[in-house]
Amino acid sequence: MSLTPDNLFGIHTRALDLWQRRTEVLANNLANADTPGYLARDIDFRKALADAGGGAGNLSLQTTTAGQIGASGQAADGALAYRVPTQPSMDGNTVDAQAEQAAFAANGVHYQASLSFITAQIRMLRMAINGGQG
């Protein structure tokens with residue numbers, strides 16, 4: 001059995017990619033808060049993670065150039081959906097700036113948690129390789 005990031009860090013490597021993609025989507029929503037007719041979007045994290053190959057036997061496609069089948073971000077785009085507005089504005093914009101800011105902050109916490117887990121795993125591996133010597 002070969003060691004891959006998925007073997008070592010579990011679901012956290014995929015989660016980091018999705019948290020990063022969600023940050024971009026939420027930032028785009030905030031940037032378009034005053035754009036008439038703009039429809040807020042978000043990522044269904046559970047669906048995106050399942051689409052990214054949550055099963056142990058699934059292999060994801062790797063591409064070397066843009067435009068190839070399976071290009072980066074494909075799994076996250078499949079889970080990208082329009083957000084249901086709580087109070088749509090008169091101009092058709094569905095961005096709720098306060099909700100987007102709260103989601104952006106929570107997303108940052110999730111990203112940091114996955115990153116902390118991976119960092120702890122790396123420290124543990126280094127300790128095992130060095131025989132317990134810092």
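The model is predicted, so local features need pLDDT of at least 70 and side-chain atom pairs count only at pLDDT 80 or more, while totals for chains, interfaces and linings use all residues. Residues are numbered from 1 along each chain as its sequence is written, and side-chain values use heavy atoms, with hydrogens and water left out.

Where is Thr94 found? Thr94 belongs to the loop between β2 (80–82) and α5 (97–129). Helices (H or I, at least four residues) and strands (E, at least two) are DSSP runs, numbered from the N terminus. Thr94 has a relative accessibility of 10% and therefore counts as buried. Buried means under 20% relative accessible area, exposed over 50%, and partly exposed in between (1.4 Å probe, protein chains only). Leaving aside residues up to four places away in sequence, Thr94 touches Tyr38, Leu39, Ala40 and Pro85, where contact means heavy atoms within 4.5 Å.

I turn now to charged pairs. Side chains of opposite charge can pair when their charged atoms come close. How many salt bridges does the structure hold? There are four salt bridges, each being a side-chain nitrogen of Lys or Arg within 4 Å of a carboxyl oxygen of Asp or Glu.

One of them joins Glu24 and Arg21, with the closest N and O atoms 3.5 Å apart. These two residues are three apart in helix α2 (residues 12–31), so about one helical turn separates them. Glu24 counts as partly exposed because its relative accessibility is 38%.

Another salt bridge joins Asp42 to Arg22, and here the closest N and O atoms are 2.7 Å apart. This pair links distant parts of the chain, since Asp42 is in strand β1 (residues 41–43) and Arg22 in helix α2, 20 residues apart. Asp42 counts as buried at 15% relative accessibility, and Arg22 also counts as buried, at 14%.

Glu100 and Arg83 form a further salt bridge, with 3.4 Å between the closest N and O atoms. Glu100 lies in helix α5 and Arg83 in the loop between β2 and α5, so the pair ties together parts 17 residues apart in sequence. Is Glu100 buried or exposed? At 0% relative accessibility, Glu100 counts as buried, whereas Arg83, at 21%, counts as partly exposed. Salt bridges that share partners join Arg22, Asp42, Arg83 and Glu100 into one network.

Next, consider Leu26, which is found in helix α2. Leu26 counts as buried, at 0% relative accessibility. Not counting residues up to four places away in sequence, Leu26 touches Asp42, Arg83, Glu100, Ala103, Phe104 and Asn107.

Finally, helix α5. Its 33 residues, at 1.5 Å a residue, should span 48 Å, and its end C-alpha atoms are 48 Å apart, which agrees. The expected span is 1.5 Å times one less than the number of residues in the helix. The buried residues of α5 are Glu100, Ala103, Asn107, Ser114, Ile118 and Gln121. Just after α5, Gly131 takes a positive phi of about 70°.
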